[in-house]
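Colleague: Please take me through the features of this model one at a time, giving the general idea before the case in hand.

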Amino acid sequence: MNNQKLLRLIIGGLVIVTIWKFILSPSSSKGTSGQTHQTIQGSKFWADQRVPQLNLDEKQEDPEKKEHTDGPVVQPVEKNMIQSNQEDSEPGVSDDTQTDPLKIVHLDLKGAAPKVTYLKELFPLLSSLGANGILLEYEDMFPYEGELAILKSSFAYSPEDIEEIKSLAKQHKLELIPLVQVFGHMEFVLKHKKYFRLREVETFPNSLNPLAPESMELVQDMLTQVMNKHRDARWFHIGADEVRGLGESEDSKRWLEANNGDMGRLFLNHVTAVGKFMTKLKRGMKLILWDDMFRKLSSKSIKESGLQDLASPMIWQYAQDLNVKEIGNYISKYEEAGFQGVWFASAFKGASGIDQTWTPINHHLKNHLQWQEVITSMPQYKSVRFQGIALTGWQRYEHHTVLCELLPVAIPSLAVCLQTLKYGSFDAKAQSEVQRIIGCEIELSKNECKGVSFPGSDVYEMVKKINDNLESSVKKIMQSYHVKGSFSSYHRKRNFANPRNLAFFKDELKKLMNEWDSFLMTFQQIMNAIFYPDTLEEWLEENVNEHIERLNEMVVDVERIIKLNGQPKADALLTR
């Protein structure tokens with residue numbers, strides 16, 4: 001009997017254990033659900049994934065593509081590359097996003113792009129000044145491949161350079177945000193004959209025709225290549241400012257005629273299609289675009305486009321006397337349109353003159369003081385959040401215009417602007433911090449920084465000397481008594497001058513020439529350490545060569561004419 005009781009106890013215990021294990025173990029359907037949830041939420045899992053390469057092919061259809069009769073659509077892509085199932089789609093943006101507004105330094109690479117060796121010195125400086133992000137506007141410096149290889153500059157960064165830039169940004173806690181233009185300012189793409197057919201205005205390379213059959217395919221390919229090099233990016237800027245000539249192509253004219261001339265919707269259709277493509281390319285990707293094309297649109301038309309669920313506007317204004325009230329009106333409009341966040345864009349360089357060579361610090365300080373006033377007003381907007389400010393540093397006004405100030409020349413301005421944002425004004429504390437970090441004392445009245453010791457400070461000082469002295473030193477000697485009286489262009493053309501008069505300035509002229517030659521040789525070496533050869537060539541051509549050639553021609557003419565011993569002039573009338 002005891003054995004039977006013992007046996008029943010053992011069997012009962014096994015039954016209880018089995019039932020308990022069944023309760024704890026999820027069913028097959030629950031297991032799938034739980035695994036999906038773990039996949040979506042587990043940031044470690046996503047960190048190991050790779051962005052799928054998108055191969056664009058006109059002949060392959062995306063099963064999720066919907067027909068839009070009212071504007072541009074996302075071009076078809078291989079269906080096995082973008083999956084609707086979240087388990088198989090590209091990893092989403094992690095949840096550990098920045099909560100405080102970002103201070104982003106914009107690097108405009110459409111001219112005078114710095115070498116990575118300089119960025120190694122620059123990034124820690126930016127971090128110490130209070131920046132926590134980089135807005136990297138690639139233009140033709142990205143190493144495009146395949147059909148897009150034609151877009152890249154001869155000195156474009158290599159894939160290895162991109163990896164090093166990303167590593168440097170991560171090391172110095174700088175959020176890296178790529179910027180690729182998708183509509184306006186596509187000169188670096190549309191300048192190529194291959195893409196002439198995609199221009200909105202046939203004779204101008206500024207803007208993309210949003211309705212041309214291959215336009216979206218081109219944009220998708222560009223964005224995919226950049227995204228494949230920035231798989232960890234949480235933000236992506238798609239530009240879309242200053243879409244010059246929109247509505248002028250035959251495609252756009254026909255569309256406008258059929259859609260009551262709704263230019264705003266023509267614009268919104270394209271950027272919304274781009275936004276949908278980007279969020280499909282990477283779930284949760286947060287997009288930014290410049291706001292100027294929204295300014296004349298109603299909040300209703302923006303809201304109807306659905307763009308507010310895909311992107312945030314970056315309100316830009318670079319003037320030293322920006323209209324704070326007007327900025328407030330824009331914020332209110334974007335809040336009403338349903339945008340959950342807004343960005344601002346100030347400028348620390350490249351916005352005070354199309355050919356500016358020396359950064360006016362006070363101009364940019366005033367711009368940031370005005371923006372600080374806007375930032376302070378943000379609590380009154382209840383449903384839209386201030387996400388950050390980009391301190392832009394334009395290198396050209398557009399692809400085909402001259403260089404603005406070189407980046408090292410604007411470091412003192414950048415330091416002033418970042419510290420002003422940190423302290424709310426450029427007070428004594430901010431001034432002290434600037435001096436401590438970049439090793440120089442800002443003199444706003446003189447627009448200079450005394451005692452510089454920051455990365456690129458040699459370029460800063462040498463550009464200052466060129467800016468202050470080169471042209472003036474040549475003009476001074478040209479205006480001297482004996483040059484004006486005995487060595488005019490007429491005298492030089494006719495080989496006619498008194499050697500005694502030339503002797504009064506010959507040595508001074510040659511000394512000046514030798515001093516500038518020696519100085520510029522050193523300048524070229526320092527520039528080559530930071531920039532690529534095309535930057536040095538262009539900068540010298542725009543700012544130096546004219547004056548040096550004038551000086552050199554004078555030296556050559558003096559030495560030639562002085563040997564003639566004051567002989568009669570060459571009479572042009574007799575030699576005809």
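Modeller: Let us begin with strand pairing: two strands pair if DSSP finds at least two bridges between them, and the elements themselves are DSSP runs numbered from the N terminus, helices being H or I with at least four residues and strands being E with at least two. This is a predicted model, in which local features need pLDDT of at least 70 and side-chain atom pairs count only at pLDDT 80 or more, whereas totals for chains, interfaces and linings use all residues. Residues are numbered from 1 along each chain as its sequence is written, and side-chain values use heavy atoms, with hydrogens and water left out.

Colleague: Which strands pair with β5, and over how many bridges?

Modeller: Strand β4 (residues 235-237) pairs with β5 in the parallel sense over three bridges, and W235 has K286 as its bridge partner in β5. Strand β6 (residues 311-316) also runs parallel to β5, joined to it by four bridges, with L287 standing opposite A311. Strand β5 (residues 286-290) is mostly covered, since four of its five residues are buried, where buried means under 20% relative accessible area, exposed over 50%, and partly exposed in between, with a 1.4 Å probe and protein chains only.

Colleague: How should I read the two faces of a strand, and which residues of β3 point which way?

Modeller: In a regular strand the side chains alternate between the two faces of the sheet. In β3, E175, I177 and L179 point one way while L176 and P178 point the other way, and all are buried. Five of the five residues of β3 (residues 175-179) are therefore counted as buried, so the strand is largely enclosed by the rest of the structure. Strand β2 (residues 133-137) pairs with β3 in the parallel sense over five bridges, and I134 has L176 as its bridge partner there.

Colleague: Which residues touch the most other members of the largest nonpolar core?

Modeller: In soluble globular proteins, nonpolar side chains tend to be buried together. A nonpolar core here is a set of buried Ala, Val, Leu, Ile, Met, Phe, Trp, Tyr and Cys residues joined through side-chain atoms within 4.5 Å. The largest one holds 153 residues, of which F123, Y157, F344 and I438 touch the most other members. Helix α18 (residues 499-530) gives the most to this core, with 12 residues. Apart from it lies another core of 17 residues, among them W290, Y318, A351 and W394. As for F123, its contacts (heavy atoms within 4.5 Å) are with L107, I134, I165, L168, A169, H172 and L174, leaving out residues up to four places away in sequence.

Colleague: Is T535 buried or exposed?

Modeller: T535, which has its place in helix α19 (residues 533-543), is buried, with a relative accessible area of 3%. T535 touches A112, A113, L403, L406 and M527, again not counting residues up to four places away in sequence.

Colleague: How many cavities of 30 Å³ or more are there?

Modeller: Rolling a probe the size of a water molecule over the atoms shows where empty space is left. A cavity is a set of points, on a 1 Å grid over the protein atoms alone, where a 1.4 Å probe fits but cannot get out, and lining residues have an atom within 4 Å of a point. The count comes to three cavities of 30 Å³ or more. The largest cavity has a volume of about 70 Å³, a volume being the space filled by probe spheres set on the points, which are joined across faces, edges and corners. Its lining includes H106, K349 and L407, and strand β1 (residues 102-108) gives the most to that lining, with three residues.

Note on methods:
1 Å grid on protein atoms, 1.4 Å probe; cavity = no way out; pocket = protein on both sides within 12 Å on 5 of 7 lines; lining within 4 Å.
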